[in-house]
Amino acid sequence: MTTATTERQQSGNPLIRVDDVTFGYGGAPVLESVSIDVEPGSFLGLVGPNGSGKSTLLDLMLGLRRPDEGTVSLFGEPAHEFDAGERIGYVAQDATKAARDMPITVREVVEMGRYPRRLFGRFSAADRQAIEDALEQVGITDLASRRVGRLSGGQRQRVFIARALASEADLLALDEPTVGVDAESREEFYGLIHDLNATGLTVILIEHDIGVVTTHATDVACLNRQLFFDGDPEEFVETDALSQAYGKDQHILQHDHK
Amino acid sequence: MFILRRLGEGVPLDNVIATPLFAVNVLAPIEWFLNYVFGPGMNVLADLLGMPMLEYPYMQRAYLAALCIALIGPVVGTFLVHREMAMISDTLAHTAFAGVAVGLFLNSAFSLTLSPLLTAFVVAIVTALLVELLVEHAGAYSDTSLAIVLTGGFAVGSILITATDGGIAVGIDAYLFGSLATVSTESVGILVLMSVLVGSLVTLAYRPLLYVTFDATAARAARLNVRLYKRLMVVLTALVVVSAMQIMGVILVAAMLVVPVAAAAQVAESFKQSILLAILAAEFAAIAGVMLSYVYGIAAGGSIVVAAIAVYAVALSSRKLGYRLSIAQRFSDRQSKHHRKELEVDGGKRE
């Protein structure tokens, strides 16, 4: 917790500031009094049991939902009013489902990264260059004209990263991106994300695998309705926040069923 | 049939019954196109192919109408099918039937002269937007709610028809199963206009429509107006379904938005290619279906759909075959590569 606090004091302008947010879908709150900052250039790993509100928190951070209480700011603006879509690269949990069945090429998907900048009209030379660069950066140039559905799971994930890179995003949000990807490709994938983060891209990652998070993330937030930990990965391993978050789940369930 | 033929042969425009839906000045270019461009073109084709049926004006109208349907059906259908919303086209077609019934009922009850097609457009578009609003609330398309709207629309239609005085049931068959004989210049005019309208809207909004179809969540994060484009998509569907309804029939019209698209998805690599192939598949089915319908005196809508399904079957089996071939190819490639390596070694020595 101390690391986060000092960071907050150091830089006045976090990329995302979640301030005392409560949110629920109708009935019981999914998130309760959550406050968290994401600093520019950081790599935040969000961990917690199933149904702990991780994806909801990410939606709130990106302004896709509005909090019931509290405020969320994104790039210094209220998150829901923020409209520079090209600064956000988002790979949703179910993103690759459509990609499996739909006839669409790698290049067509990566081009979508330019859509927020150019929704109508012809692509400029800069647009096309950004697309080529993105393809090359994640190493899928030779796959550009292949149908996305006929790629391996690991290759497909790179396509979505390339889409975010093509839009020259400042923030990359990934919601369990490696579900169904083999171990070796996963290692490579997180290596790529690590490298991209090192070049200054801010990353938020929701991931089941705690090991991945503690290896690559610069910050860890452990969540289960409430925030149990927010800070340095090394500190996180030493605390009992994880077992508390997972254990609390049981407790809540029992409590609710009374 | 005699009247229909006369219309096509260019009766002075004053004699054409001006419909409330489209004023004569809108129909005039269509008349001109049929009489001086499409008609003569088809006559030449009739001579070339030795098929006199292509010379009859009512067949020429039927062909032009079918060609238009085979264009706009797959263009809109490609987006629908890949959003897994194929059922909505069927639902809207059935509520459009209620729209036709509303028109006929109002005409008979209040002695109005509304075009039933106009009321069908209104009812289908309103239903499309209502369904979309429901989905925005519920978060997902549900089979159950679509089934309720579909059967509900059809039920209201059947009630209104039986509640209407006079023998309007005669015209209902044509709406249910479609008919080539009832393709008036007006119907063709509507289809040509819709082709231009739907074609240009999809061309203009191609990128947002594609993004929303492929990955709506990311499109929202990228600050696209996802709701607007989803609504546009269902309204386009309503337009296509209603304008194609007279030829394809309420029950079969959805097939033109689904079957060619499914065929194209088997073989296409890119999305653009899939749209193009779906149009080609639909055009082939339309031409073959209309021809079969004429030659054997069978239902046009049904013939077109069966032809489209045949194309789908071919696409499906060709992909399966192609897959097997590619495995065989890879195997023989590996062998020949091995062979080449040996050759290169030899060649290197010789040089």
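Asp127(A) and Arg114(A) join their side chains in a salt bridge, at 2.9 Å from N to O (a salt bridge being a side-chain nitrogen of Lys or Arg within 4 Å of a carboxyl oxygen of Asp or Glu). Asp127(A) sits in helix H5 (residues 125-137) of chain A and Arg114(A) in the loop between helix H4 (106-111) and H5 of chain A, so the pair ties together parts that are 13 residues apart in sequence. Over all chains, the structure holds 16 salt bridges.

This is a predicted model, where local features need pLDDT of at least 70 and side-chain atom pairs count only at pLDDT 80 or more, while totals for chains, interfaces and linings use all residues. Residues are numbered from 1 along each chain as its sequence is written, chains are lettered from A and ligands numbered from 1 in the order in which they are written, and side-chain values use heavy atoms, with hydrogens and water left out.

**Where chain B meets chain A**

- On the chain B side 29 residues are in contact with 38 residues of chain A (contact means heavy atoms within 4.5 Å).
- About 2700 Å² is buried between the two chains, and carbon and sulfur atoms give 58% of that (buried area is the accessible area, with a 1.4 Å probe, that two parts lose on being put together, summed over both).
- In chain B, Arg207(B), Phe214(B) and Arg223(B) lose the most area to chain A, together 33% of what that side buries.
- The rule finds two salt bridges across this interface.
- Arg150(A) and Glu269(B) also pair up through their side chains in a salt bridge, at 2.9 Å from N to O.

**Helix packing around H11 of chain B**

- Helix H4 (residues 86-110) and helix H11 (residues 226-248) of chain B pack at about 60°, with axes 9 Å apart (helices are DSSP runs of H or I, at least four residues, and strands are runs of E, at least two, numbered from the N terminus; axes are lines fitted to C-alpha atoms, for helices over the stretch in contact, and angles run from 0 to 180 degrees between N-to-C directions).
- That angle makes H4(B) oblique to H11(B) (under 35 degrees counts as roughly parallel, over 145 as roughly antiparallel, 65 to 115 as roughly perpendicular and the rest as oblique).
- By class, the H4(B)–H11(B) contact has eleven nonpolar, two polar and no charged residues (Ala, Val, Leu, Ile, Met, Phe, Trp, Tyr, Cys and Pro count as nonpolar, Asp, Glu, Lys and Arg as charged, and the others, Gly among them, as polar).
- Helix H9 (residues 206-214) of chain B packs on H11(B) at about 95°, with axes 10 Å apart, and the two are therefore roughly perpendicular to each other.
- Pro208(B), Leu209(B), Val212(B) and Thr213(B) make the H9(B) side of that contact, against Val226(B), Tyr229(B), Lys230(B), Leu232(B) and Met233(B) of H11(B).
- Those residues divide into seven nonpolar, one polar and one charged.

**H12 and H13 of chain B**

- Helix H12 (residues 255-267) and helix H13 (residues 271-296) of chain B pack at about 125°, with axes 8 Å apart, which makes H12(B) oblique to H13(B).
- The H12(B)–H13(B) contact comes out as nine nonpolar, one polar and no charged residues.

**A loop residue in chain A**

- Asp68(A) is in the loop between helix H2 (54-61) and strand S4 (69-74) of chain A.
- Asp68(A) and Phe23(A) are 45 residues apart in sequence but 5.0 Å apart in space, C-alpha to C-alpha.
- Leaving aside neighbours within four places in sequence, Asp68(A) is in contact with Thr22(A), Phe23(A) and Gly24(A).
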